[in-house]
Amino acid sequence: MSPRSHRVDLLERPTQDDLLQVRNDLMTVYREIRTGRPELFPLRYARATPRPPHRRWRRSAAEEPGGAEVPVLILPDGPGRASVLPYDVLRRSLAGRGLDVLMMEHRGVGFSRLDARGEDLPAEAVTLEEVLGDVLAVLDHARVERVAVLGTGYGAYLAQILAARHPDRVHSLVLDSPLTSADDERIGQRALREHYWTGAVPATSSIAAALRRLADEDIVDAQRAGPVLLAVHEHGGTAAVRDLVDLLALGRGSLTWSSVRQVLNQGWLQSTPFVMEHDLIARLAHTELGQGSGADGGPMDPLLLAADEARAVPPFAWEALDVHALSRTITAPTLVLVGSEDLITPPCISRALAERIDGAVLLEIPRARHSLLDTRSQVAQIALRWSAAGAASLLPQHAAALATLPAAPVDLALSKGLQLALAAERLSPWRLRRESARALREDPRTVTPDANRSVPRPADLP
């Protein structure tokens with residue numbers, strides 16, 4: 001596809017101009033495409049100003065910090081994730097609770113990927129330093145001196161640098177499932193294998209043993225299984241992984257497995273306009289941040305898809321910034337937020353970060369997984385509101401109550417979809433009939449007199 005045809009496709013998704021006309025929350029600040037060059041491009045950010053709630057909000061014990069005194073800036077995960085369209089409801093929710101909310105599109109994504117002529121930004125202009133300049137430009141354009149910042153994943157990486165370099169602009173920090181260095185993905189890689197391959201985690205050792213057996217029997221391709229298992233874990237937890245492995249051991253589950261794998265492959269190979277766009281940020285993600293550089297080709301490697309994507313850009317050599325060192329200089333009150341079952345940025349990363357930042361407080365949410373902003377939105381919103389009000393240090397005593405808050409709608413839908421897929425394969429009548437007939441052929445003793453209700457005896461199962 002030629003660059004010109006790609007540009008037309010982007011403008012007709014539906015057209016960016018049409019979307020801009022119907023939005024009244026978008027602001028534009030013209031930024032240098034590259035520092036020191038005269039060419040500019042329109043960097044977009046969304047702003048939701050405080051408004052009275054339309055109804056009386058139900059408040060839990062963990063939602064009474066008092067009014068927020070500073071605006072808030074939310075930096076979502078990325079660098080390929082958009083913020084304007086995916087987080088519309090989140091911004092309205094926070095504005096309805098009295099917050100002045102800013103969210104910037106990451107450079108090269110969504111409404112901030114085209115220059116003033118409608119051409120894609122050059123890939124070499126999408127760099128970490130330029131993105132950090134974008135954050136400051138948004139604050140200046142919004143005439144905001146100090147903000148409470150919530151950053152998730154890559155957004156938390158940016159937030160740490162911002163707080164270390166510009167302490168006068170940061171009132172407080174919430175670092176959700178934080179990225180702290182290129183080595184973090186290897187920690188996640190090791191955690192996934194400990195859970196589902198080596199059996200080092202007692203609670204999942206039986207699942208790991210079953211997966212090793214399935215790999216020996218060529219039912220599961222251990223070399224390519226990591227991304228699938230990670231996705232199932234992140235959206236369904238250990239229970240969903242156990243259900244899927246049990247089905248595979250019974251000769252079922254292949255449809256769910258292949259469906260998850262197909263979705264993951266499409267997620268990397270195909271961008272979703274205004275939601276997730278990988279093409280222009282590939283160099284930043286892989287060459288600067290090192291995403292996928294830890295892939296080793298071993299069993300259950302969750303980094304394979306990122307490594308495949310990294311082949312299109314120059315290889316990762318080293319990190320330009322030592323964020324571990326920068327984090328030690330942060331003076332803003334900091335809350336580090338993590339899910340206890342996060343296998344992408346496991347809790348040990350957040351614990352180490354909380355120890356590096358003087359006075360930081362760690363809030364670990366039981367049974368939660370990666371990105372509280374996306375999976376447990378209410379928890380993230382409460383954390384941000386308390387942070388803006390200067391009371392985030394009191395939140396850990398409410399961890400049990402926060403853990404009972406419901407999952408975010410999108411994550412809940414994905415979880416329910418996964419559960420339905422597993423249930424369909426478990427209960428599908430044609431599968432039951434096929435397995436009953438096969439069991440009868442192989443050993444009539446495994447079938448009860450009523451063939452339509454027959455199942456293999458538990459003792460005969462793998």
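Student: What should I keep in mind about the numbering and the model?

Tutor: Residues count from 1 along each chain as its sequence is written, and side-chain values use heavy atoms, with hydrogens and water left out. It's a predicted model, where local features need pLDDT of at least 70 and side-chain atom pairs count only at pLDDT 80 or more, while totals for chains, interfaces and linings use all residues.

Student: What makes Arg113 and Asp120 a salt bridge?

Tutor: A salt bridge is a side-chain nitrogen of Lys or Arg within 4 Å of a carboxyl oxygen of Asp or Glu. For Arg113 and Asp120 the closest N and O atoms are 3.2 Å apart, so the pair qualifies. A search of the whole structure finds 22 salt bridges.

Student: Why is Arg113 called buried?

Tutor: Buried means under 20% relative accessible area, exposed means over 50%, and partly exposed is in between (1.4 Å probe, protein chains only). Arg113 has 1%, so buried it is.

Student: How do you know which parts the bridge between Glu129 and Arg165 ties together?

Tutor: Their side chains meet at 2.8 Å, N to O. Glu129 lies in helix α4 (residues 128-141) and Arg165 in helix α5 (residues 154-165), so the pair links parts 36 residues apart in sequence. Helices (H or I, at least four residues) and strands (E, at least two) are DSSP runs, numbered from the N terminus. Glu129 has a relative accessible area of 42%, so it counts as partly exposed; Arg165, at 36%, is partly exposed too.

Student: What does the salt bridge between Arg351 and Glu364 tie together?

Tutor: Here the closest N and O atoms are 3.1 Å apart. Arg351 sits in helix α13 (residues 347-356) and Glu364 in strand β8 (residues 361-365), so the pair ties together parts 13 residues apart in sequence. Arg351 is partly exposed at 38%, and Glu364 is partly exposed at 26%. There's also a network, with Arg31, Arg107, Glu130 and Asp134 joined by salt bridges that share partners.

Student: What makes β1 and β8 edge strands?

Tutor: The open sheet has eight strands in the order β1-β2-β4-β3-β5-β6-β7-β8, with mixed pairing. β1 (26-32) and β8 each pair on one side only. Two strands pair if DSSP finds at least two bridges between them.

Student: How do you know that β3 and β5 pair?

Tutor: Strand β3 (residues 72-75) and strand β5 (residues 147-152) have four bridges, in the parallel sense, so they meet the requirement of at least two. Leu75 stands opposite Gly151 in β5.

Student: Why is α15 described as mostly covered?

Tutor: Of its 12 residues, 11 are buried, among them Val379, Ile382, Leu384 and Trp386. Gln381 is found in helix α15 as well, and its relative accessible area of 10% makes it buried.

Student: Which residues does Gln381 touch?

Tutor: Leaving out residues up to four places away in sequence, Gln381 touches Leu90, Ser93, Leu94 and Arg97. Contact means heavy atoms within 4.5 Å.

Student: How do you know how the span of α15 sits against the expected one?

Tutor: The expected span is 1.5 Å times one less than the number of residues. Helix α15 (residues 377-388) reaches 16 Å from its first C-alpha to its last, close to the 16 Å expected. After α15 comes Gly390, with a positive phi near 75°.
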